[in-house]
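Reader: I would like to learn how to read a structure such as this one. Please take me through some of its features in turn.

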Amino acid sequence: MRSLFAALLSAGLHIALVASAFIYFPRTMSSLEQTRIVPVELVSLGPTTNVRAARPEPEPVEPEPEPEPEQETPEPEPAEPEPEPAQPEPEPEPIAPEPETESEPEPEPEPEPIPDEPDAEPEPVEPEPEPEPEPEPQRQQGLDLDRLSSLVDRSRETSASRNAETGEARSAAGSGTAMTATLSDMMSSQIARCVRSSADAPSDMELGVQVSVRLNRDGTLSDAPRLTNEARVLGSPNPYLRVAGQRALRAVIDCAPYRMPAENYQQWRLLEVNVDTQAGR
Amino acid sequence: MTAVRLVLAFMVSVIFAGAAAAQAPLRVDVTSGHLDPLPIAVVDFVGEPGLAGEAGADIARVVTSDLESTGLFAPVSQDAFIEEIGNIDLRPRFSDWRVINANALLVGRVTVAEDGRLLVAFRLWDTVTETQLLGLQFVSVPENWRRVAHKVADAVYEELTGEEGYFDTRIVYVAEGTDGDGQSVRRLAIMDQDGANPSFLTDRSYMALLPNFSPSAQQITYVSFRDGQATSYLYDLETGRQEALFDAGPSLAEGGQSLSARFHPNGRQLAVSAMRRGGHDIFGFDLRMRTLRQLTSHPADDVEPSYSPEGDRIVFSSSRGGSSQLYVMDANGGEPTRISFGGGRYTAPVWSPRGDLVAFVKQQGGMFALGVLDADGSGEERILYEGYYVDTPTWSPNGRVILFTRGERSREGTQYSIWSIDLAGINLRRMPIQGQSSDPAWSPLID
């Protein structure tokens, strides 16, 4: 029992060491990102790191880019009844508020909401998300020790030892930061082409929004981008902020697919896109 | 065993945390964008053949024209449409609209109710995110279809820009011409903001100038000029009744100063300039009591007052510093603060409905310019347009567009017409008015 405990403790410490590498490197990268305009530092780090040059990324694990699913365009059923309103049908307009008298020849057109999104048609089948090269661990309801053990083993495989065995480079902190900055700029310039600027909104408003984006290796969106604080943005009493959120979402979708280097896929698979077109004016 | 499990769970959580950190998203900052017009497809509103069908096509045409006129939208030609919309309660085939580069899609339906009124329902779709942005219905008498169209356009504009629309508004202006004897004739006229439904408000027997709308859009003030005497009048657009308010003085003939009266945002007061003891000063005029209260007292001329949207301050032009410059003071009077500092003469200040800017006319070196500057005097002024003659700017109710009088030299003398320009200095357009025109006044949104 004691030896088992000692073995587990030893394994635990090893794993903690590995995990600390996972924690440390990304933090280093993000903190150095601010210094991306000083490439000299990054270059000087190169020779002192014992990191091999990156090999060309092996062919994607998935056999083929997933074929576009047949776009389903169901014929509208002719005999379809009126769609069920998402919100209750407003009462017959209390609209003759202005009786049509001679002195009031122009009754005001009063707005009244019509039912929201009609769900008359079945939604087109969502394309299956592309399989990721390194599948994320599935969430389990309970604590499955066997599964966790296997994850421990896998994490060992994917750590430094694996790099040494396979020769596959993991970017050093310096080169990773430089690449991160480059990737970030590549994405930024592509998205900026599709963003409608808020530069014509009043200047004293905070109109920055953040969009979470998940991409496939071929640069397509792997699922619909989401606004961080979606309710706050799209439900904002400030119409300019609401529109800025819509414009950011529309731009991220509109500009896809993105042209990005496949060998760095892991670095741009997940994006946190901060759109503030007033910041640049 | 429990301890083992706990240790194992801890290790695993550490691993997960590490993995999560390793997959931290790439941060991308987008700080620039474009200002290209948004491509939008406006489909003829569906309706039974006859009244509803005709109104549907007409409404779509007016909405398209409204949106296009802003310079912020690029309506897609209906010839390019692929999907035929027959039922607006079905989701459109978004790919059909994206392929023709329509980012937004407006569909609508017109039906005739039993009482003969039109029911106009419409949906605005974002074809990129494939979401419905708007779904509304208006009810009106058939003769009112243009107003319905403007209200639809306002709703679309507001949804897609975040700004209040300005299409359901009217413009009062001065129609200029000559009578049979070659005498100059200036009559007040009114039209929809897109130039439709023009009609005269005053006759040829006297000259009418410098109209301004009340906050309710139901009244206007203007200056009538008869026998060398300028008098401020109040004109009720509902009833056509008008009444003289006070004598504004003779200096129209002498110096061409603008003596227009402008409403306080509360609609119960006016700010005017009137001559007292040889010079012009700013006065507050109480519409109920019919009393003038002097707000400035300076030997130099103080003219052309305009209230801030909150009604707490007044901007006006004054020659108290030598040349004519712009000043801001408390609405109850007090020491004014100068806000314009450039060379040349600054005149015709009008406070923006947004409150942050003042539009003005600047005369320098034989040329005129239309510009805006910060109402607090900070920052640089921005010139939006320069030309042979510029006068009488007026803001759209959302503070996005300025109408102004533009004079152009010709063989027959200076030709006056009304033009609009976007606050960004783009989208300069001539208002579709037959004959010469000047002195535009843009109404608030009509309730």
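Reader: How many bridges join β8(B) to strand β31 of chain B, and do they run parallel or antiparallel?

Author: The general idea is that strands of a sheet pair through backbone hydrogen bonds, either parallel or antiparallel. In this predicted model, β8(B) and strand β31 (residues 436-442) of chain B are joined by five bridges and run antiparallel. Within that pairing, B:Gln436 in β31(B) stands opposite B:Glu176.

Reader: Over how many bridges does strand β8 of chain B pair with strand β9 of chain B?

Author: Nine bridges, again in the antiparallel sense, link β8 (residues 170-178) and β9 (residues 184-192) of chain B. B:Leu188 in β9(B) is found opposite B:Val174. The hairpin of these two strands has five residues between them, and B:Gly182 takes a positive phi near 80° there.

Reader: In what order do the four strands of the open sheet in chain B lie?

Author: The order is β27-β28-β29-β30, with antiparallel pairing. At the edges are β27 (389-395) and β30 (429-430) of chain B, each of which pairs on one side only. Strands β28 (residues 401-408) and β29 (residues 415-422) of chain B pair over eight bridges. There, B:Val401 has B:Asp422 in β29(B) as its bridge partner.

Reader: At what angle do helix α2 and helix α4 of chain B pack?

Author: Two packed helices are described by the angle between their axes and the distance between the axes. For α2 (residues 51-69) and α4 (residues 145-161) of chain B, the angle is about 45° and the axes are 8 Å apart. The two helices are therefore oblique to each other. Their crossing is right-handed.

Reader: Which residues in α2(B) meet α4(B)?

Author: Among them are B:Asp58, B:Ile59, B:Val62 and B:Leu67, while those on the α4(B) side include B:Trp145, B:Ala149 and B:Tyr157.

Reader: Where in chain A is confidence lowest, and where is it highest?

Author: Where pLDDT is low, the predicted coordinates should not be read in detail. Chain A averages a pLDDT of 61, and 43% of its residues score at least 70. Confidence in chain A is lowest in helix α2 (residues 39-48), at a mean of 36, and highest in strand β2 (residues 209-214), at 95. Residues 30-107 of chain A have a pLDDT below 50, and this stretch has 86 contacts in the model beyond near neighbours in sequence. The pLDDT is also below 50 over residues 119-175 of chain A, a stretch with 79 such contacts.

Notes: Residues numbered from 1 in each chain as written. Chains lettered and ligands numbered in written order. Predicted model: local features only at pLDDT ≥ 70, side-chain atom pairs only at ≥ 80, totals over all residues. Heavy atoms only, no water. Axes fitted to C-alpha atoms, helices over the stretch in contact; angles between N-to-C directions. Parallel < 35°, antiparallel > 145°, perpendicular 65-115°, else oblique. Left-handed = near helix turned anticlockwise from the far one by under 90°. Contact = heavy atoms within 4.5 Å. Pairing = 2+ DSSP bridges. pLDDT = per-residue confidence, 0-100.
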